[in-house]
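The sequence and structure are shown first.

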Amino acid sequence: MTSTSRRAYGVKGAPYAFLLPAGVLFLLFFALPIGYAIWLSLRKVQVSGLGLGSGARKEVWAGLENYTDAVTDSELLDGALRVLGYGCIVVPVMLGLALLFALMLDSEKVRLAPFTRLAIFLPYAIPGVVAALLWGFLYLPDVSPFYFVLDRLGLPQPDLLDGGPLYLALSNIAVWGGTGFNMIVIYTSLQAIPAEVHEAAKLDGATPLQIALRIKIPMVAPSLVLTFFFSIIATLQVFNEPTTLKPLTNSVSTTWSPLMKVYQDAFGKGDIYAAAAQATIIALATLLLSFGFLRAANRRNKQEAAR
């Protein structure tokens, strides 16, 4: 092999060399765990006799039995319905506030924009468990300063950790922590809009509200789609907030959300096979919902571009 051919071969192989570390990490920490979870979901433990002694408990092939049990499990289905109600509150409120804050920060009349932007984003930097503990402290009637003020004023003191208000309490934690991230994504897209577009709209007599509704929001639609996509995934995977608030109230069960059900079956009951099947179903549901939403968004974009 000549020096020229070796040099050409090295140039062609350089991209693969750069991709190799990422590929190895992807294989070790993503692909292999997924494959192992699917393998476990197709197995079960068979107990012989009283389950005592060597060979009394052995792992055998279960096929789709774990999946059948999962889709007919009332606790898993109830948790999915609770997460659906939780998501109907979190996603529109969080994205609405993120869009509103981004538009306000993009206004020419805004003051202290860097400080305001940091203040809105800061809650996102706080770990979810810490945020849930902070809000849990504020929700407890015996220690919350808000309940003390309401009591002094003679106003009603709602129990936010029981019944319907529990959804609002959990949603508030997610909205408080996630709005800043989505706001940054949308605000970055707003900053990328050419100044000539704004100037042309002003020359045509458009008001700031009209510019926001008719120019800015349509032009940042891809960012809105992206933030909605991330919010849906985060909602389906809710775990930290209800798990952290569970010791504070009896209204949050160990299977309040689907992921809590997976955790309870895996580490509470020790049935990792059923938990693996449930986790696989949750992953497939997330994939299908995400793929369906992205496909619908792409179809709409193509229709608008064709016009």
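Phe121, Tyr124, Phe181, Phe229 and Phe230 are joined into a cluster by ring pairs. The model is a predicted one.

**Aromatic pairs**

- The count of aromatic pairs comes to 12.
- One of these is the pair of Trp135 and Tyr139, whose ring centres are 5.9 Å apart and whose planes stand at 35°, a tilted arrangement.
- Trp135 and Tyr139 are four residues apart in helix α5 (residues 128–139), and therefore about one helical turn separates them.
- Trp135 and Tyr139 are both buried.
- Phe229 and Phe230 form another tilted pair, with 5.8 Å from centre to centre and 45° between the planes.
- Phe229 has a relative accessibility of 17% and so counts as buried, the cut-off being under 20%.
- Phe230, in contrast, is partly exposed, because its relative accessible area of 36% falls between the limits of 20% and 50%.

**Nonpolar cores**

- The largest nonpolar core comprises 19 residues.
- Within this core, the residues with the most contacts are Tyr86, Val90, Tyr139, Leu166, Leu170, Ile173 and Trp256.
- Two or more residues of the core come from each of α3 (74–105), α5 and α7 (165–191).
- Helix α7 makes the greatest contribution to the core, with six residues.
- Beyond its neighbours within four places in sequence, Tyr86 contacts Tyr167, Leu170, Ser171, Ala174, Thr235, Val238 and Trp256.
- Another core, of 13 residues, lies apart from the largest one and includes Ile120, Tyr187, Ile193 and Val220.
- In soluble globular proteins, nonpolar side chains tend to be buried together.

**Packing of α9 and α10**

- Helix α9 (residues 208–219) packs with helix α10 (residues 221–236) at an angle of about 55°, and their axes are 4 Å apart.
- On the α9 side the contact involves Ile217, Pro218 and Met219, and on the α10 side Ala221, Pro222 and Leu224.
- The contact residues are six nonpolar, with no polar and no charged residue among them.

**Two residues of helix α13**

- Ala276 belongs to helix α13 (residues 272–306) and is buried, at a relative accessible area of 8%.
- Apart from neighbours within four places in sequence, Ala276 is in contact with Ala37, Leu40 and Ser41.
- Ala276 and Ala17 are 259 residues apart along the chain, and 34 Å separates their C-alpha atoms.
- Ser290 is also found in helix α13, and its relative accessibility of 8% means that Ser290 counts as buried.
- With neighbours within four places in sequence set aside, Ser290 contacts Phe229 and Ile233.
- Phe229, a contact of Ser290, is also a member of the aromatic cluster with Phe121, Tyr124, Phe181 and Phe230.

Definitions and conventions
Residues are numbered from 1 along each chain as its sequence is written. This is a predicted model: local features need pLDDT of at least 70, side-chain atom pairs count only at pLDDT 80 or more; totals for chains, interfaces and linings use all residues. Side-chain values use heavy atoms; hydrogens and water are left out. Axes are lines fitted to C-alpha atoms, for helices over the stretch in contact, and angles run from 0 to 180 degrees between N-to-C directions. Contact means heavy atoms within 4.5 Å. Ala, Val, Leu, Ile, Met, Phe, Trp, Tyr, Cys and Pro count as nonpolar, Asp, Glu, Lys and Arg as charged, and the others, Gly among them, as polar. Buried means under 20% relative accessible area, exposed over 50%, partly exposed in between (1.4 Å probe, protein chains only). Rings of Phe, Tyr and Trp (its six-membered ring) pair if their centres lie within 6.5 Å; planes under 30 degrees apart count as stacked, over 60 as edge-to-face and the rest as tilted. A nonpolar core is a set of buried Ala, Val, Leu, Ile, Met, Phe, Trp, Tyr and Cys residues joined through side-chain atoms within 4.5 Å.
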